[in-house]
Amino acid sequence: MSHLKITGRRRLSGTVRASGSKNAALPMMAVAILADGPLRLEGVPRLDDVRTLVDLLGALGVEATHEPDDTLRLETVDPKPTRADDELLRRMRAGFCVLGPLVARRGAAVVSLPGGCAIGDRPVDLHLAGLAALGADITIEHGYVVARAGRLTGAAIHLAGPRGPTVTGTANVLSAAVLARGETTITGAAVEPEIVDLGQLLLAMGAKIEGLGTPTLRVTGVDRLSGATHRVIPDRIEAATLLLAAAITRDSIAVTGVVPGHLGEVLAKLATAGSALEIGPDWVRIAAGGAVRPVDITAEPYPGVPTDIQAQWMAMLSLADGRSTVRDRVFPGRFMHVAELNRLGARIEHADGTAVVTGVSRLTGATVTATDLRASAALVLAGLAAEGETVVRHLEHLDRGYQRLDEKLNRLGAEMERCDDD
Ligand code: EPZ
């Protein structure tokens, strides 16, 4: 295992390019199981969750080949396996996205039930209810989801739970419904850009879907899906993390290769917090400077501020000129980073899904422990602004979901070094 040593208070400047979206690429890779032909996904980020899913798919008979320009070619060479590898699934929840494609294409699946994780309780009841409505026979046996089905049949399915729509649940059910006989209507569907992108890929494979980007999806099942070539959308969470890096150090950078429309609420809040923004067709330039103004942030389903940058916002607001509140409506328990930010001198109190952040004038370096992917990113941002040296332990969390964030920040002028643990 390794850690990151950050020497704080270096100035950031220049231009950085966002990678392809992790959360779009993962469910797209899983639908290679559905295709009668190779899938070529362009712009797949080089990060650990992608590598883990390549291994998981490999054991399910889907061969992966890396081509230039971050293109990943996926092709089914053995359509018989139906049991997903336990150990690999434990490393990465998104592996659960193979469930829908396996049931729809191979008529059976055994996939271990994901447990809770550092960001809180993460049930999959909506995934299972949706697949059962399509005709799959689903039981839970010894901690595994065991699913069997003949040809699935279209149905009316509602996918929103008490905390809103489910993103990977929509991916799972949509990628099963495309091969079901007849019509499926999904209400309460996730409208995240990553789901729209998955839908675009399925359309390119020959699926019939209407309503992408709205909460109601109408799917007319087809008998077979072909291979296709598709470019993955840019990672809006990585882009937002990079913009917040400049916001916390009060510097000016440009992030290119982005879809500014996917960042709407994030850009609006950055402006409220005192950053000047210039927005081009596929880039955003941020010029921070002056004091960080306090803002209230509520993480919500798209188009709200994403839960996946709630922690990074909190890091930034810890240096604001006043008091901010941060809520998370998607994962109300996603506050493990609070204690670690406080180790760096932040003043954050947290109760009942709300954090009150009282801005401080400076953060000071310390050794902190990352508990999950986005908490790690928040600690890296705080380390950029802190005086002296910050050590972020458990770098494996960061590497799961960012394509070498440290290298990108170093190219902008940060000073951070990866070190192996003793
Ligand atoms: C996806 O997780 C993302 N992961 C998460 O990103 C992201 O935080 C989350 O969506 C919310 O945007 C991937 O795309 C691979 P959900 P997912 O099902 O699909 C409740 C990151 O850091 N719910 O949309 O697992 C659930 O408890 C990761 O990149 C049910 O009640 O999240 C939560 O409160 C972390 N029943 C809410 O819905 C279900 O069956 C939304 O969760 C499913 C979910």
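Let's start with a strand pair: E9 and strand E12 (residues 183–187) run parallel to each other, paired over 3 bridges. Strands here are DSSP runs of E with at least two residues, helices are runs of H or I with at least four, and both are numbered from the N terminus. Two strands count as paired if DSSP finds at least two bridges between them. Keep in mind that this is a predicted model, where local features need pLDDT of at least 70, side-chain atom pairs count only at pLDDT 80 or more, and totals for chains, interfaces and linings use all residues. Residues are numbered from 1 along each chain as its sequence is written, and side-chain values use heavy atoms, with hydrogens and water left out.

**The sheet with E9 and E12**
- Within this pair, Ile157 sits opposite Ile186 in E12.
- Both strands belong to an open sheet of 4 strands, ordered E9-E12-E14-E13, with mixed pairing.
- Strand E9 (156–158) and strand E13 (208–210) are the edges, so to speak: each pairs on one side only.
- Neighbouring strands are turned by 20° against each other on average, direction ignored (axes are lines fitted to C-alpha atoms, for helices over the stretch in contact, and angles run from 0 to 180 degrees between N-to-C directions).
- As a general point, strands of a sheet pair through backbone hydrogen bonds, either parallel or antiparallel.

**Another open sheet**
- Here 4 strands line up as E19-E20-E22-E21, again with mixed pairing.
- Strand E19 (297–299) and strand E21 (347–351) are its edge strands.
- The twist averages 15° from one strand to the next.
- Strand E20 (residues 323–328) and strand E22 (residues 354–358) pair in the antiparallel sense over 5 bridges, and Arg327 is opposite Thr354 in E22.

**Around the ligand**
- The ligand is surrounded by 24 residues (near means a heavy atom within 4 Å), and the closest are Thr166, Thr168, Asp308, Val330 and Arg374.
- By class, this shell has 10 nonpolar, 5 polar and 9 charged residues (nonpolar: Ala, Val, Leu, Ile, Met, Phe, Trp, Tyr, Cys and Pro; charged: Asp, Glu, Lys and Arg; polar: the others, Gly among them).
- Helices H1 (22–30), H5 (125–133), H6 (167–177) and H12 (373–385) each supply at least two shell residues, and H5 gives the most, with 3 residues.
- An oxygen atom of the ligand lies 3.0 Å from a side-chain N or O atom of Lys22, and a backbone N or O atom of Leu126 is 2.8 Å from a ligand oxygen atom.

Definitions and conventions
Polar contact = N/O pair within 3.5 Å; in protein donor to acceptor, adjacent residues only side chain to side chain.
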